[in-house]
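Subject: Structure handover

Hello,

Here is the structure for you to take over. Please open it before reading on.

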Amino acid sequence: MRAPRRPIQAVSSWVRRQPPKVKAFLAVISGMAALVLLRAIVHDHDNLFVAAEAVHSIGISVLIYKLMKEKTCAGISLKSQELTAIFLAVRLYCSFVMEYDIHTLLDMATLATTLWVIYMIRFKLRSSYMEDKDNFALYYVLVPCAVLALLIHPSTSHHLVNRVAWAFCVYLEAISVLPQLRVMQNTKIVEPFTAHYVFALGVARFLSCAHWVLQVLDSRGHLLVALGHGLWPSMVLISEIVQTFILADFCYYYIKSVFGGQLVLRLPSGVV
């Protein structure tokens, strides 16, 4: 006689059997439900952005723990860390010349820890770096982001260089995780600490996206007008949504793995 399956396993099995259109619909419904819940329990939506930065910092801390405890950087994408350092550095510059606030301090802390991770991978733990798996060409990310920033950027009163830099870091942040996803795609097996880190990124990106979406809803669209005219306001919102959906598939399998009691995450073909 077969043992009854857990509810989470039954739901997971049912979702897995559904066609792609149904899965996409369920993902949208789940996202909308999460937004409604956040809107009800979080009154100051700026706290969501701070929470996103805090969760990102926690993810970096998990990486630091992995590097210090296991003395290996296997499964970590150096290129994703470098892209993260670039957009954080550019965003810090923009913060100093355009708007200095609590986010600036959080970015400084995150940049410092990211640079430490890069140093460890490049110099201290180089022998365990999976360079052959980390084969995503950075110019596929940097060049399109730079061109897009030159074409579509804020129309505020700041200097053109600052406005282009601001747009560049927004676009780069949205897709900076792609090299890390390529590494996981190449290996198919993700060890726990790396999986925790990428899941933390997914949560941080969702909170950041929720912050912008709820701000737009609460202002009845006036926030988009305040950001400027043209395509820029829409591109900000699209960038936030894109970086959330990039990690949505991985987060699903991460949650499924955790509830299934698996320490090592095994990704099926086609994921990420």
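Below is what was found, from the whole chain down to single residues.

**Overall**

This is a predicted model. The protein chain has 11 helices and two strands. From the N terminus on, the order of elements is α-α-α-α-α-α-α-α-β-α-α-α-β. Of its 272 residues, 46% count as buried. Among contacts in the protein chain with a separation of 6 or more, 77% are between residues 24 or more positions apart.

**The UniProt record**

An unreviewed UniProt entry lists "transmembrane region" for residues 24–42, 104–123, 135–152, 164–181, 193–214 and 234–255. I have figures for two of these stretches. Residues 104–123 are 100% helix and 0% strand in the model, and their end C-alpha atoms are 28 Å apart. Residues 164–181 are 89% helix and 0% strand, with 27 Å between the end C-alpha atoms.

Start with H6 and H7. Helix H6 covers residues 139–151, and helix H7 covers residues 160–175. Their axes are 8 Å apart, and the helices pack at an angle of about 140°. That angle makes H6 oblique to H7. The crossing of the two is right-handed. H6 brings Val 141, Leu 142, Cys 145, Ala 146, Leu 148, Ala 149 and Leu 150 to the contact. H7 answers with Val 164, Ala 167, Phe 168, Tyr 171, Leu 172 and Ile 175. What classes of residue make up this contact of H6 with H7? There are 13 nonpolar residues, no polar ones and no charged ones.

Now H4 and H7. The axes of H4 and H7 come within 9 Å and cross at roughly 145°. H4 passes H7 in a left-handed crossing. On the H4 side, the contact is made by Leu 83, Ile 86, Phe 87, Val 90, Arg 91, Tyr 93, Cys 94, Val 97 and Met 98. On the H7 side, the residues are Asn 162, Ala 165, Trp 166, Phe 168, Cys 169, Leu 172 and Glu 173. By class, the contact of H4 with H7 has 13 nonpolar, one polar and two charged residues.

Look at Phe 168 and Leu 172 when you have H7 on screen. Both are listed in the contact with H6, and both are listed in the contact with H4.

Ile 60 lies in helix H3, residues 46–70. Is Ile 60 buried or exposed? Its relative accessible area is 0%, so Ile 60 is buried. Ile 60 and Thr 194 are 134 residues apart along the chain, yet their C-alpha atoms are separated by 10.0 Å.

Gln 81 sits in helix H4. Gln 81 counts as buried because its relative accessibility is 0%. Not counting residues up to four places away in sequence, Gln 81 touches Ile 60, Leu 63, Ile 76, Thr 114, Val 117, Ile 118, Ile 121 and Tyr 197.

**Ser 80**

Ser 80 is found in helix H4, residues 78–98. Ser 80 counts as buried, at 3% relative accessibility. Which residues does Ser 80 contact, leaving aside its neighbours within four places in sequence? They are Ser 176, Val 177, Leu 178, Pro 179 and Gln 180.

**Phe 250**

Phe 250 is in helix H11, residues 232–259. Phe 250 counts as buried, since its relative accessibility is 0%. Phe 250 and Gly 202 are 48 residues apart in sequence, and the C-alpha to C-alpha distance is 8.4 Å.

**One backbone point to check**

Lys 71 is found in the loop between H3 and H4. Lys 71 is not a glycine, but its phi is positive, at about 55°. With a relative accessible area of 57%, Lys 71 is exposed.

Best wishes

Methods:
Residues numbered from 1 in each chain as written. Predicted model: local features only at pLDDT ≥ 70, side-chain atom pairs only at ≥ 80, totals over all residues. Heavy atoms only, no water. Axes fitted to C-alpha atoms, helices over the stretch in contact; angles between N-to-C directions. Helix = DSSP H or I, 4+ residues; strand = E, 2+ residues; numbered from the N terminus. Parallel < 35°, antiparallel > 145°, perpendicular 65-115°, else oblique. Left-handed = near helix turned anticlockwise from the far one by under 90°. Contact = heavy atoms within 4.5 Å. Nonpolar A, V, L, I, M, F, W, Y, C, P; charged D, E, K, R; others polar. Buried < 20%, exposed > 50% of the residue type's maximum accessible area, 1.4 Å probe, protein only. UniProt positions renumbered as here; feature names shortened; annotations may be inferred.
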